[in-house]
Amino acid sequence: MERNTDIEIRLLIDAIYLKYSYDFRDYSGASIKRRVQHALSQFECKTISALQERVLHDPGMFMQLLQLLTIPVSEMFRDPSHFLAIREEVVPLLKTYPSIKIWIAGCSTGEEVYSLAILLREEGLLDRTLIYATDINPRSLEKAKQGIFSLENVRAYTQNYQRAGGRRSFADYYTAAYDYAMFDKTLRENVTFADHSLATDSVFSETQLISCRNVLIYFNKKLQDRAFGLFHESLCHRGFLVLGSKETLDFSSFGKQFEPLVKQERIYRKL
Amino acid sequence: MNQTMHRSRSPIQAVVVGASAGGVEALLKVFGQLPKGFGVPILVVLHLPDERDSQMAQVFGHRLAIPVQEAQDKQNIQPGTLYVASPGYHLSVEADRSLSLSLEEPVHHSRPSIDVLFESAADAFGPNLLAVVLTGANNDGAQGLAKVRERGGITVVQDPDEAQVSTMPEAALALQEPDHILTLQGIGQLLAALE
């Protein structure tokens, strides 16, 4: 017999899918359960069924819940050694392409996008690169487009940037105003921000590099394999797939269709 | 310790352990008593100062008779293996008893959090779980331990008198009376006697 909480979570997730076409059905259960329980206290709902009723009848309420179901924690140059490895191991190979398309899947509020754009500019590649930055959360995408981050966080990002092999002063890339740092607009000239779901949408372009970091940990194996399938389809022959520092292809059926380039930094190449 | 009560309970299919300040030493003392071939999987959350590249799995691996790994996302739990949570990530057990990592906000200023591991493991293993709270300087683990008990699992707290830092065991005891309050040696013996 299933417990009420488990039944109610499934009903809520089904209701969200039927009504709003957001598909959380194959997300990791333990994390979804915590997010939903967090939402209950946030929205002062006694039961998940009560939350479901409100979400079903009020799109604004759903948009608020979406902010809790997605996990927008990101930082610029997160795991500096990862970006250093991209600079040293991937960039020399990317330079052999006349034009480059990059897909940042699950870009959240844009920290990863600006990090890669800065790295590519320093390597002289940004002008011939198109970046597709996608996410399911329209509010995150809106924030990503603005490129405004709190100055307090930027201090930590500065340290990351330096450790990641940054060649200039990090302050060259933003203008500080009050407590915020507005990043150089020209960094996103070649960036297209778009709504895209790894759970329900298909491939939209051929790409040379895909970065999908700390997204797949929230998917179950089935959905993770769907995402790997999309990446495999989108990447050109010998294209690059880069994942979060604790994400791996080891437990996926797609493991054999990629080879590690820098395993420690989760940088793979399509076979 | 009441052995008859023990036998009437469900078989233990997994052990979860939480430790904070003073934890490395305590964990080595407990797990050092487990023989090669010990059959039950163990999942450990140990709070460490914020450093992303921990060598904890190697440290334990060199000093224990049982196999030790850093817990990986989507990994299936193997019998008799000790899994150590990665620093900076929460560790959970899914309904299919595979592991998952997450970057949700810290709980009790901790990521990984003991509560997160214990609560998800309680959901996955129900009465087939044994949970242990050891030495530590915060309140993490108390709620998780209560959840383990609510789902019928066995709960163990290190004797606060023995703990290097007694805050964490005391917080667990304040919330609920566990099945056992034991010294590190007693906890090791209890685990070694499983199955």
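**Notes on a predicted two-chain model**

1. Let's start with helix α6 (residues 167-175) of chain B, whose buried residues are B:M168, B:P169, B:A171 and B:A172. These residues cover an arc of only 160° around the axis, which puts them on the same side of α6(B). Their packing partners are β7 (129-133), α5 (142-150) and β8 (154-158) of chain B. Please keep in mind that this is a predicted model.

2. Next, the annotated site. UniProt, in an unreviewed entry, places the feature "active site" at B:S20, B:H47 and B:D140. They span 121 residues in sequence, yet no two of their C-alpha atoms are more than 9.7 Å apart, so they gather at one spot.

3. B:D140 sits in the loop between β7 and α5 of chain B. With 30 other C-beta atoms within 10 Å, B:D140 counts as buried, because the cut-off is 20 or more. Leaving aside residues up to four places away in sequence, B:D140 touches B:G18, B:S20, B:V107, B:H108, B:S110, B:S113, B:I114, B:D115 and B:M168.

4. B:H47 belongs to the loop between β2 (42-46) and α3 (56-63) of chain B. B:H47 is buried too, with 25 other C-beta atoms within 10 Å. Again not counting residues up to four places away in sequence, its contacts are B:S20, B:G23, B:S110 and B:G136.

5. Now the hairpin. β5(B) and β6(B) run antiparallel and are joined by four bridges, one of which pairs B:V93 with B:L99. Five residues lie between the two strands, and B:R97 in the turn has a positive phi of about 65°. From β6(B), B:L99 and B:L101 point one way, B:S100 and B:S102 the other way, and all are buried. In a regular strand the side chains alternate between the two faces of the sheet.

6. The chain contact takes 16 residues from chain A and 16 residues from chain B. On the chain B side, β5 (90-93) and β6 (99-102) each supply at least two residues, and β6(B) gives the most, with three. By class, this side has five nonpolar, seven polar and four charged residues.

7. Finally, chain A is divided into domain 1 (4-69) and domain 2 (80-270). Their C-alpha centres lie 29 Å apart. Nine residues of domain 1 are in contact with eleven residues of domain 2; the domain 1 side comprises three nonpolar, four polar and two charged residues.

Methods: Residues numbered from 1 in each chain as written. Chains lettered and ligands numbered in written order. Predicted model: local features only at pLDDT ≥ 70, side-chain atom pairs only at ≥ 80, totals over all residues. Domains from an automatic or database assignment. Contact = placed C-beta atoms within 7 Å. Nonpolar A, V, L, I, M, F, W, Y, C, P; charged D, E, K, R; others polar. Buried ≥ 20, exposed ≤ 12 C-beta atoms within 10 Å, placed from the backbone. Pairing = 2+ DSSP bridges. Arc of directions from axis to C-beta. UniProt positions renumbered as here; feature names shortened; annotations may be inferred.
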